[in-house]
There are 4 protein chains.
Amino acid sequence: MLRVEWAAREMPVLKLLRERFERERPLEGLRIAACLHVTTETANLALALQAGGAQVALCASNPLSTQDEAAAALVEAGIPTFAIKGEDTDTYYRHINLALDQKPHITMDDGADLVSTLHRDRQELLAGIIGGTEETTTGVIRLTAMAAAGALRYPVIAVNDADTKHLFDNRYGTGQSTLDGITRATNVLWAGKRVVVIGYGWCGRGVAQRARGMGSQVIVVEINAVRALEAAMEGFQVMPLLDASAVGDIFITLTGNLHALDQVHMDAMRDGVIIANSGHFNVEINLEALAAMTEHHRTIRPMVEEHTLEDGRRLYVLAEGRLINLAAAEGHPSSVMDMSFANQVLSAAYIAHEGKNLENRVHPVPTEMDQEVGKLKLSAMGIQIDSLTAEQQHYLSSWDMGT
Amino acid sequence: MLRVEWAAREMPVLKLLRERFERERPLEGLRIAACLHVTTETANLALALQAGGAQVALCASNPLSTQDEAAAALVEAGIPTFAIKGEDTDTYYRHINLALDQKPHITMDDGADLVSTLHRDRQELLAGIIGGTEETTTGVIRLTAMAAAGALRYPVIAVNDADTKHLFDNRYGTGQSTLDGITRATNVLWAGKRVVVIGYGWCGRGVAQRARGMGSQVIVVEINAVRALEAAMEGFQVMPLLDASAVGDIFITLTGNLHALDQVHMDAMRDGVIIANSGHFNVEINLEALAAMTEHHRTIRPMVEEHTLEDGRRLYVLAEGRLINLAAAEGHPSSVMDMSFANQVLSAAYIAHEGKNLENRVHPVPTEMDQEVGKLKLSAMGIQIDSLTAEQQHYLSSWDMGT
Amino acid sequence: MLRVEWAAREMPVLKLLRERFERERPLEGLRIAACLHVTTETANLALALQAGGAQVALCASNPLSTQDEAAAALVEAGIPTFAIKGEDTDTYYRHINLALDQKPHITMDDGADLVSTLHRDRQELLAGIIGGTEETTTGVIRLTAMAAAGALRYPVIAVNDADTKHLFDNRYGTGQSTLDGITRATNVLWAGKRVVVIGYGWCGRGVAQRARGMGSQVIVVEINAVRALEAAMEGFQVMPLLDASAVGDIFITLTGNLHALDQVHMDAMRDGVIIANSGHFNVEINLEALAAMTEHHRTIRPMVEEHTLEDGRRLYVLAEGRLINLAAAEGHPSSVMDMSFANQVLSAAYIAHEGKNLENRVHPVPTEMDQEVGKLKLSAMGIQIDSLTAEQQHYLSSWDMGT
Amino acid sequence: MLRVEWAAREMPVLKLLRERFERERPLEGLRIAACLHVTTETANLALALQAGGAQVALCASNPLSTQDEAAAALVEAGIPTFAIKGEDTDTYYRHINLALDQKPHITMDDGADLVSTLHRDRQELLAGIIGGTEETTTGVIRLTAMAAAGALRYPVIAVNDADTKHLFDNRYGTGQSTLDGITRATNVLWAGKRVVVIGYGWCGRGVAQRARGMGSQVIVVEINAVRALEAAMEGFQVMPLLDASAVGDIFITLTGNLHALDQVHMDAMRDGVIIANSGHFNVEINLEALAAMTEHHRTIRPMVEEHTLEDGRRLYVLAEGRLINLAAAEGHPSSVMDMSFANQVLSAAYIAHEGKNLENRVHPVPTEMDQEVGKLKLSAMGIQIDSLTAEQQHYLSSWDMGT
């Protein structure tokens, strides 16, 4: 399909790995169940896994993020894909189970719904699994909690924690595409707007940086003291969300947590504000509380719900609180998914080879793999860098040369 | 002294800890030998340690960085201080040995010259030592090499690696003060200049960010692929130093490594360029090679050496390649040293209490200590932040709530 | 219509003026022919003019920029609107003539096609015209040339040159929406891309600033020495377009001139580059030359034409070289059109009142009108500012108080 | 002198003009009285005028800004220079009169003290004057008021209003050097500080941009609605000074007006704030009111006055409210003075040639002169730019090519 081809154009690292996989077939005979956003970039990932010898089955990791034409292209390429944009929760879980029906050796997850469904409802499949990978901060948090509770039954590679993933995908990918989603949904001018960024992890940093880059006045809300200090030192205003609620024009949640934006905050907001979520799950905004507060409700533009409260104030919630970059735009640009998915395919190959030797916990991506992805990407961008001289390597490993 | 008082005004966290130490006396009866830049901020650190019950002796960690009036103020306060601005290498090491003559229980280091001198020349003192702290990236690299070689004979806390240290001191402190030093030395306009930042660690990031903030066109040189990619994604030009040498106006080394800027690079530079170092040791620029290339030499402004080469090109080296922010300006602003030194005094108290139980290697600053420094600083800046609700804490530790 | 209402929400100044016009009817009995981009914002402008007593007829100022639903909403509101998205050149001019058939007293133009058609083909209408307004830099350049040649037969207010228009609309409006259009058309990641901005007027500044804000490495091309210097001092790379052609990833023209991007430049470009225009007319890219160079041609995504050249290089031209923000996105955000159109309605009222006394040339927007728009906008944004004290006003008008 | 030579190194345009003047002697036989900041850059200006054939006499335009070694170097070069750093007001005016005693044909002014003294006290000299030049916004405001009152008795060229002057000197020069002055005086960390910029003209923009570039949270205070809107759209906080007074850490005045920062504002400030002026005259801060509010007073660092008020709050005023960049740092970097002074020498030559034909009012720098300075500067920076093709020039002057 043309759109998948267009995405491929910006995914040179994945293309290179796909060519290598075609020669080396590191996934020969393995079945992979992948629960990911079904986009043109994911299509390229699935094709690379397939080229490596795997049988891949795909389901959506979010009910709103599926690009139906990407799904169609995958099916055409012989990859079963269970996903329809806008599917309801029942269908969502049915699709996950259909993917699991393939009896996977490897799971590939984006938010850990596949892993948790498997551990909860499909324990008969656990014996066949070698290992898994996880794409998101949210998923890594969940899996770490599972491992801590002794509940995780196979090793998972935290692809999210690779430097070439979270420093780029979470920061530059989420940063750009969150603003893109809100712009497409609303066509607001960013310049001069007071934008409240809730959560200053790598995603929040990206959004704060891009909103400033568009001329907004950015206010950061954060619960971690060191991160809050960093935000302040970057020149952002930092304050509790309740204070920010009284002045903000646009609110964006990226916390990975429940009800980051709660009733008390919505009570304090001004007429006409815009509220969006860019965290993985649609739990960050307390939509139940908002529903209870709402007197009238209408869809004023696609993806824009107007909630008129009893006191006449109107709050505009985007995409029903689902992650805005996938719901209202096209998700992360291909160029950044290139690196994330390069880590995915290398991690899949690593599990195929080493999974039997790994403990049942969350493992980091090996450093050399991380550096390799970085080098391939630089080279694809036409950028060359220096390396250490022998003299310099010696200097770094010595401790007796001082002032 | 008024200047020490002025610095104290911007060091509210250290002031608070000093008051706590006066009450709790956690360092009662301990001798501390500290090898640090002898500045007004360090004076406040020494007074806090003294307030905690310690006997402190101070020597300089760099021959050019001593503020003589700070040294005088310390002596007046009863703290032996062995440091004179511009001292030669012999005097430098004699001063280190004078500080060691105090038979310290704790060493406090900035670059590891104290630790390495002690291990090499004063092994008789090792038995009395409980532990040490180290302030810099350079020192941590040296100490880690020592530990790896089995040569480190007591535990050292890597104060440098505390988030509230390196994310702030290295980035915002070095960033601002490096430009400040170069501005004071040269009075150049930064806007429109091509600034080559060699090394994109935390210090290099700070300098690149500030140079851009002053209107410069920034070129980054880096050997680590992931860091190089980050620099490119931040919109900086990234290239090998040899290419950058042909176009740069101002060159700044921050690598912690030997001869980062070497003869081959100076051969390629244009007439009139400015060269400075902001790494810990004066080894980053190959000054011996430059001396051999130089036909005429004169000091055209204080801290500015003009090297006229055989082909007529003039290269301007600042502060003889010593770290420019301390040599030509006043070092890091007090506000940022406040956090670094809060980590120092808390680490000293930690060693006093726990040092006997620690292995002879490099240890991180405990996370709670790091968060405590962050909280105190935020509060001193008049910034309040939110904390997690019970519901949110529960959510983060659970793994069974999904889409 | 909901979308027109949504736009109105971000146009508080226009709303206020519409209410004033309803009371004061300053345009009572006048016919206005307006040739503008037919968007939801323009719909609000037309409704305000109608509220002031005018009979308005609308036609499109660009064949690709019409939002068909906005046109439908206008017709429903009793405003004849001649515009269909994607109309061909014949239809385009037929529509202009249909608007002129209304025998306007006032013309409202965006690029001066209405004025030039009227002077060339419909001279019988000139006698009835009191005056006109012009929205764009391009139009003001054309009208100034007409006036210089003695060809302009009625006075025109250069709305474009109001500070509250070009400092905002051209800079922040074009800046944001140009990137938005390219993002929607291509979904490229901006971070790390080399973006070549051709033309550093107010539009070009906006685009350069926003591209930097998105993490791009920006290269500016400009023919005016002072503007080129400003770009350099802002830290942008500045070079001739031929040099930039060899390194750029994305090229954007905003010059108001013919063939700013010509065959010689396309000859020098690398495989895979993206080319877009954000100037008023589709003449800035030499598309005829490109067509002659192209061996294969296909539409790879909507608005993205792939040109494969004989040597195998592929160039991607967006929206057939038409202004990208209107063709591929929604044009300027309402918030910025609010100010431009506030100037339009005030200028229309000014012509109604003063037009008979104005010479047949291009006139500036009166300063007080400009400040009034500024004050209304600030107030709508909830921003208060200070004013001069009597003492200060006196000081500014005196010359005898010195050192 | 070495420092004058160092400045010359960054003033390539002035150097080129000096060489041209040596050949062409456009100022042969003319006497010039110049009232300017006596710095190493001004020394280079005076030498260029001398090379053109003029007899130059110099006096200081500010009691605190004189660099005594620059004055000494000028005297040595045969240019009478009446200026001592820290001179009192009587001496200041005596020095102005000594410069006037040279019976100038041309006056060169920086703030209009020379012109106003001459018109008030030395009217006998008016007959001999051909014309003058003025360097600053403040001076142009004063001279325009004089001309409006019919009091100006000879033509003056507003060098300040040349694009190559105010867009660079006021913005990049004042921006950088104001922060530099405050840093040298206080060594504060800019990151995280709330910086209140009072006045958003070209100087204020420069300071706001640089403070943001250093990581500060910037608040803009402005009385002009359009400028205030621009500041808001750039993402700055905009508010009345009284509101800003309650939250700011550092206050900087750049208004050209009296008591921009008044008692009511100082009443509202928090303990420990820093106050500086970077406008031309020391009238922008109401120091008389502050003196009346002050209970204790001491100099805590050079250039830093601590005012302890009755309620215990301490306000720190820098450099007695004189323009901070010249008082505490070295004034504008040479590179930017290069352009301002290139305009000065070209304007002096223009007056020599054309002054007799000019009306007694304030005149702009001719556009071609402005572009010439721009081109020379670009070329000195090694930057090449494009020029219009014949086809493009034709297009711009035509009005009949449309859509």
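1. Basis. This is a predicted model in which local features need pLDDT of at least 70 and side-chain atom pairs count only at pLDDT 80 or more, while totals for chains, interfaces and linings use all residues. Residues are numbered from 1 along each chain as its sequence is written, chains are lettered from A and ligands numbered from 1 in the order in which they are written, and side-chain values use heavy atoms, leaving out hydrogens and water.

2. Symmetry. Chain A is superposed on chain C by a rotation of 180° with 0.0 Å of shift along its axis, at an RMSD of 0.0 Å (least squares on the C-alpha atoms of residues with pLDDT of at least 70 in both copies). The two copies are thus related as by a two-fold rotation axis. Within chain A, the residue that comes closest to this axis is Gly213(A), with its C-alpha at 1.8 Å.

3. Buried area. About 3,800 Å² is buried between chain A and chain C, and carbon and sulfur atoms give 51% of it; this is the accessible area (1.4 Å probe) that two parts lose on being put together, summed over both. Trp6(A), Asn187(A) and Leu189(A) supply 19% of the area that chain A buries against chain C, more than any other three residues.

4. Six salt bridges cross the interface of chain A and chain C (a side-chain nitrogen of Lys or Arg within 4 Å of a carboxyl oxygen of Asp or Glu). One of them joins Glu5(C) to Arg298(A), with the closest N and O atoms 2.5 Å apart.

5. Elements. Helices (H or I, at least four residues) and strands (E, at least two) are DSSP runs, numbered from the N terminus.

6. Sheet in chain B. Eight strands of chain B form an open, mixed sheet in the order β9-β8-β7-β10-β11-β14-β13-β12; two strands pair if DSSP finds at least two bridges between them. Its edge strands, β9 (237-238) and β12 (294-301) of chain B, each pair on one side only. β8 (residues 217-221) of chain B runs parallel to β9(B), paired over two bridges, and Ile219(B) has Gln237(B) as its bridge partner in β9(B).
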